[in-house]
Amino acid sequence: MKNDNKYFTPVISLVLIIFAAMLFLTYLQTSETKKSATLVAHTQDVLFRTSHVQNIITNYVTDTRGFVLTADPDFIQRIQKSKNEIYKQIDSLRQLTMDNAAQQARIDSLMFYINKRIAFSDAVISSRKEKGLKSTLQLILPFKGGQLYLDDISGLVKQMQDEENTLLQKRKLANKNASLLLNKIFIAIIIIFLVLLIIYYRKERSDNTVSKKAWEQLELLNQQINQSNDAIYTLDKETKIQSWNKGAEKMYGYTEKEAIGKEANQLLQTSISDEDKNTGIVILREQHYWSGELERKTKSGNIIFVNSSTTTIRD
């Protein structure tokens, strides 16, 4: 029995460590799934607000034409309400796309044409009040019946929506992949439970059998991690790469041999300011977990943006 315990205890300890690691991975992947779902909802919000801006501007122009034709003061209230709502939605879009320089530039251009259109409409309304319908129509007709700047606005809205639709498809795919991986992790946890029961059941039967089964499961788990489509690697205290799975090879282009022993941020040419790096170190030291988006380069020189999660493993 003493000899049994000599081999059995380390095996059980190893399986329990693996089980704890799987639970930890489950936690990380759940966080990643939630993050992906949040990004999808964020993109859908941008799409909704761009469509809303387009609709408000259409209503704004329609009400302006209504006032020109009827001089009904009720249109003025509606015009002012639409104008206020346009600026409100543009401010919201600025906040939602703060991390996207291209979208911010489009919003600047969009705001330029919206202001031009509003200035034109204000001039039309003043003309109608002061000079009457005939003079106002003469002001409008040279500009395609009041279509001035509307094509520019529609074009910019479409460009914004095209980019957000592209992001939406990528984020939906990332969310789907994260959910699939989470399911695999749950299955792996169940397998670990079964393996633990089998090892315990066979404890009295054969030390060699127990050891063999334990190492087979360890090898299986190692293969699962190595073959995962997600980039998974470990670092030492000097942030040098200690392990490098197939997902990391596929994402960054470096083989395991090329990556092992290299400093991660230097190898992957991580674009991060000293301030952000120091902030991340503080968060890791205090919370033992950090996640965020990083800009990196693959071996072929392509710039990619990755959702990275980092966790400290303490002795």
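Tryptophan 244 is buried, at 2% relative accessibility, where buried means under 20% relative accessible area, exposed over 50% and partly exposed in between, using a 1.4 Å probe and protein chains only. Tyrosine 252 is likewise buried, also at 2%. Bear in mind that this is a predicted model, in which local features need pLDDT of at least 70 and side-chain atom pairs count only at pLDDT 80 or more, while totals for chains, interfaces and linings use all residues. Residues are numbered from 1 along each chain as its sequence is written, and side-chain values use heavy atoms, with hydrogens and water left out.

Let's turn to the aromatic rings. Across the whole structure, a search finds four aromatic pairs. Rings of Phe, Tyr and Trp (its six-membered ring) pair if their centres lie within 6.5 Å; planes under 30 degrees apart count as stacked, over 60 as edge-to-face and the rest as tilted. Phenylalanine 112 and tyrosine 113 make an edge-to-face pair, because their planes stand at 75° with the ring centres 5.2 Å apart. Both are partly exposed: phenylalanine 112 at 45% relative accessibility, tyrosine 113 at 23%. Tryptophan 244 and tyrosine 252 form a tilted pair, with 5.9 Å from centre to centre and 40° between the planes. Phe112 and Tyr113 also belong to one aromatic cluster with Tyr149.

Now for the interior. A nonpolar core is a set of buried Ala, Val, Leu, Ile, Met, Phe, Trp, Tyr and Cys residues joined through side-chain atoms within 4.5 Å. The largest one has 24 residues, of which Ile57, Ile86, Ile90, Leu110, Ile114 and Ile153 touch the most other members. At least two residues of this core come from each of H1, helix H2 (74–96), helix H3 (101–131) and helix H5 (150–201). H1 gives the most, with seven residues. Helices here are DSSP runs (H or I, at least four residues), numbered from the N terminus.

Which residues is isoleucine 114 in contact with, leaving aside its neighbours within four places in sequence? They are Val53, Ile57, Ile86, Ile90 and Ile153, with contact meaning heavy atoms within 4.5 Å.

Finally, look at the surface. Leucine 69, in helix H1 (residues 2–70), is exposed at 59% relative accessibility. Together with Leu133, Leu137 and Leu141, Leu69 forms a nonpolar patch with about 370 Å² of accessible area. Accessible areas come from the Shrake-Rupley method with a 1.4 Å probe, and for residues only the protein chains shown count as cover.

Technical notes:
Patches are made of residues with over 30% relative accessible area and no salt bridge: like charges are joined within 9 Å, nonpolar side chains (Val, Leu, Ile, Met, Phe, Trp, Tyr) within 5 Å. A salt bridge is a side-chain nitrogen of Lys or Arg within 4 Å of a carboxyl oxygen of Asp or Glu.
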